[in-house]
Amino acid sequence: MPKALRFAFLLFLLLPYALRAADAPLNGQWQGPLAVPGGSLDLLITLVPLSNGSYYAALDVPKQKISRMPVEVELKGSEIALKIEQAGSSFTGQVLEGGRVLKGTWKQPGLTAPLTLERRAMPTASAAALTRLTPPYREENIKFNNATANVSLSGTLTVPAGPGPFPAVVLISDSGPQERDAAVQDYRMFGMLADYLTRRGVAVLRFDDRGVGQSGGRYFTTTTADLVTDAQAAMQYLRAHKLINHRDIGLIGHGEGANVSLLAAAQPQPPAFVVALAGYGQLGHEVLLHQQLEIMRLIGADQTQVKAAIELYERMVTIIRQTPNDNQARGKVAGTLRLNNSQIDPTMARARAIQLTSPWSRFFLDFDPLRSLPDVRCPVLALNGTDDLQVGAATNLPLLQKGLKNNRDVTVKKLAGVNHLFQPDPQDWPLVNGQQQPNFSPKALDTIREWIAKRTTAAPSAAAPQKPAASKTKNNTASK
């Protein structure tokens with residue numbers, strides 16, 4: 001197997017890397033064109049400092065539909081090394097102009113090319129306030145406490161104009177530490193969803209994940225089950241708010257957040273409804289293998305490489321699942337990594353083994369999304385896009401629908417041309433100042449709004465016209 005791809009066959013496509021911050025940490029996004037045969041690819045590297053002094057780092061390549069691929073970063077003075085193991089790629093270079101420019105060489109299978117990444121301008125809060133029009137609803141920064149985990153979480157609550165009380169939703173993010181807007185490049189997935197719903201009479205609470213932004217706690221010691229308590233704490237905050245109808249508080253989750261929402265719906269004091277955006281129906285280890293194979297397909301791996309990837313994946317899963325002692329499992333995983341790739345540094349192998357045996361990883365490997373679904377009695381809307389490369393609609397939606405078969409109010413829909421981030425095809429993006437800008441699928445937004453409106457009591461003074469309130473439906477529906 002080619003050297004460049006050997007270590008690319010590690011588990012967990014979307015597991016974020018905990019990276020040690022340098023003395024002068026980088027923070028933000030760097031973007032630049034990579035020259036490839038026949039044209040160029042626009043690459044974007046995001047570095048997000050976490051409260052424990054580490055980083056979350058990710059690569060986006062819009063033309064290849066790659067989003068949030070994990071990146072490992074090593075900083076030594078002005079020298080920087082970026083390693084994207086899942087794509088068998090790397091970047092080595094210099095940090096120049098006080099961090100504004102990263103200049104060096106990009107390597108991937110079959111290609112070595114110069115690459116310059118320039119820091120994207122990130123408007124300050126004061127600048128944004130000067131350019132942003134005042135929305136026709138109330139907006140405030142809030143804090144709430146998760147007493148179960150003893151963690152304080154920070155977020156933004158948007159409430160329609162008028163006396164209320166209003167129906168409300170809590171937004172739960174996908175895997176990886178994310179800030180309250182779930183921003184990727186210029187696309188603010190949760191910010192856009194919150195603005196759309198609040199303008200149409202639904203209050204929205206979105207918050208920074210643990211260890212991100214102004215929220216406390218540590219993200220990388222948190223499991224999917226732990227995140228359920230964050231969702232419950234957010235709902236509890238809304239239930240005590242005088243402008244919120246405590247009977248109409250729901251959860252909207254994306255990716256892993258969809259499964260967090262469904263888990264919360266199977267617990268005492270469930271949400272009034274759940275909107276599951278690209279939720280998993282497959283077992284955790286099946287989801288991760290699917291994601292790994294999709295990346296290999298995108299980088300052009302052949303059948304021999306795919307077979308080797310599957311074999312390594314299965315060996316690693318077996319080691320982790322059959323070795324409950326972390327120290328023993330880490331030793332075996334590190335040894336397997338070095339046996340598979342003699343070039344890997346022992347320290348790096350040990351660090352990767354620690355990540356692969358983290359609480360999140362161990363939980364997700366054995367996570368069965370369907371186990372708790374028979375206990376979900378509230379209305380559920382499950383949406384997925386046909387262009388989603390991370391959570392396949394054709395596989396996962398039928399599994400969720402089957403798991404919810406005893407629920408009398410389930411709606412399942414596949415949205416044509418929509419990707420994992422719920423963006424439509426780029427050719428359908430709106431033009432802003434002559435350039436197309438990513439947006440949340442209008443079809444998805446309308447579907448979510450109409451479905452929620454039929455299951456909640458709208459306040460008569462909502463900021464935008466609402467459909468007449470309907471009684472809670474008890475019909476099981478499914479459409480494609």
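## Arg-350 and helix H9

Arg-350 sits at 34% relative accessibility, so it counts as partly exposed. You'll find Arg-350 in helix H9, which covers residues 346–356. Keep in mind that this is a predicted model.

What does Arg-350 touch once its neighbours within four places in sequence are left aside? The contacts are Asn-327, Arg-330, Gly-331 and Ala-334.

## The protein overall

Zooming out, the protein has 480 residues, and 54% of them count as buried. Its secondary structure comes to 12 helices and 22 strands.

The accessible surface is about 20700 Å², and carbon and sulfur atoms account for 52% of that. As for how the chain meets itself, take the contacts between residues at least 6 apart in sequence: 65% of these join residues at least 24 apart.

## H4 against H5

Helix H4 runs over residues 224–239, and its axis lies 9 Å from that of H5, at a packing angle of about 70°. Angles of 65 to 115 degrees count as roughly perpendicular, so that label applies to H4 and H5. The two helices make a right-handed crossing.

Which residues make the contact? On the H4 side they are Thr-224, Leu-227, Val-228 and Ala-231, while H5 brings in Glu-256, Val-260, Leu-263 and Ala-264. Sorted by class, this contact of H4 with H5 has six nonpolar residues, one polar and one charged.

H5 itself (residues 256–265) is mostly covered, with 10 of its 10 residues buried. The buried set includes the contact residues Glu-256, Val-260, Leu-263 and Ala-264. Gly-257, Asn-259 and Ser-261 of H5 are also among the buried residues.

## H3 against H12

Another helix pair is H3 (residues 189–198) and H12 (residues 442–453), whose axes come within 11 Å and cross at roughly 45°. That angle makes H3 oblique to H12. As H3 passes H12, the crossing is right-handed.

From H3, the contact uses Leu-193, Tyr-196 and Leu-197; from H12, it uses Leu-445, Asp-446, Ile-448 and Arg-449.

Where is the cis peptide bond? It joins Gly-164 and Pro-165, with omega at about 0°. Pro-165 belongs to the loop between strand E12 (151–160) and strand E13 (166–172).

Then there are residues other than glycine with a positive phi. Asn-150 is one of them, with phi near 55°. Its loop lies between strand E11 (137–146) and E12. Is Asn-150 buried or exposed? It has a relative accessibility of 67%, so Asn-150 counts as exposed.

Gln-269 is another such residue, again with phi near 55°. This time the loop is between H5 and strand E18 (274–277). Gln-269 has a relative accessible area of 53%, so it is exposed too.

His-285 belongs to helix H6, residues 284–298. Why does His-285 count as buried? Its relative accessibility is 19%, and buried means under 20%. Apart from neighbours within four places in sequence, His-285 is in contact with Tyr-313, Arg-321, Phe-364 and Leu-365.

Leu-421 is a loop residue, found between strand E20 (410–415) and strand E21 (431–432). With 11% relative accessibility, Leu-421 counts as buried. Leu-421 is also a handy example of chain distance versus spatial distance: Tyr-187 is 234 residues away along the chain, yet the C-alpha atoms of the two are separated by 9.1 Å.

Terms used:
Residues numbered from 1 in each chain as written. Predicted model: local features only at pLDDT ≥ 70, side-chain atom pairs only at ≥ 80, totals over all residues. Heavy atoms only, no water. Axes fitted to C-alpha atoms, helices over the stretch in contact; angles between N-to-C directions. Helix = DSSP H or I, 4+ residues; strand = E, 2+ residues; numbered from the N terminus. Parallel < 35°, antiparallel > 145°, perpendicular 65-115°, else oblique. Left-handed = near helix turned anticlockwise from the far one by under 90°. Contact = heavy atoms within 4.5 Å. Buried < 20%, exposed > 50% of the residue type's maximum accessible area, 1.4 Å probe, protein only. Areas by Shrake-Rupley, 256 points an atom, 1.4 Å probe, with all protein chains shown as cover. Nonpolar A, V, L, I, M, F, W, Y, C, P; charged D, E, K, R; others polar.
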